[in-house]
Amino acid sequence: MANYRNLNMKYANKLREDIKKAMDEQGILITELADRANIEKSVLRNYINGRNDINSGNLIAVLKVLGYDLQI
């Protein structure tokens, strides 16, 4: 079970870092991204800073603003 949890955290942290990188590359600040994704700034800020997770709906909205399409 611990290995599964560690793997989950590894991918969650990678996704968080990829979002930060995309924001930097596109010159988008957290406040602008939150506004464009129509989510609370504090929700996005806490996610980006690793304090909280983000729900799937908000994650999809963030990825769309950044130009990514999440397919499941």
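Helix axes are taken here as lines fitted to C-alpha atoms over the stretch in contact, with angles running from 0 to 180 degrees between N-to-C directions. In this predicted model, helix α2 (residues 30–37) packs on helix α3 (residues 41–48) at an angle of about 125 degrees, and the two axes lie 9 Å apart. Angles of 65 to 115 degrees count as roughly perpendicular; α2 and α3 are therefore classed as oblique to each other. The crossing of α2 past α3 is right-handed. On the α2 side, the contact is formed by I30, T31, L33, A34 and D35, which meet K41, L44, R45 and I48 of α3. By class, these residues comprise 5 nonpolar, 1 polar and 3 charged.

Helix α2 also packs against helix α4 (residues 56–65), with the axes coming within 9 Å and crossing at roughly 110 degrees. This angle makes α2 roughly perpendicular to α4. The α2 residues L33, R36 and A37 meet A61, V62 and V65 of α4. The contact between α2 and α4 contains 5 nonpolar residues and 1 charged residue, with no polar residues.

The charged end of R16 is placed over the ring of Y47, at 4.6 Å from the ring centre. For pairs of aromatic rings, with centres required to lie within 6.5 Å, the count is 0.

Definitions and conventions:
Residues numbered from 1 in each chain as written. Predicted model: local features only at pLDDT ≥ 70, side-chain atom pairs only at ≥ 80, totals over all residues. Heavy atoms only, no water. Phe/Tyr/Trp six-rings, centres within 6.5 Å; stacked < 30°, edge-to-face > 60°. Lys NZ or Arg CZ within 6 Å of the ring centre and 35° of its normal. Helix = DSSP H or I, 4+ residues; strand = E, 2+ residues; numbered from the N terminus. Parallel < 35°, antiparallel > 145°, perpendicular 65-115°, else oblique. Left-handed = near helix turned anticlockwise from the far one by under 90°. Contact = heavy atoms within 4.5 Å. Nonpolar A, V, L, I, M, F, W, Y, C, P; charged D, E, K, R; others polar.
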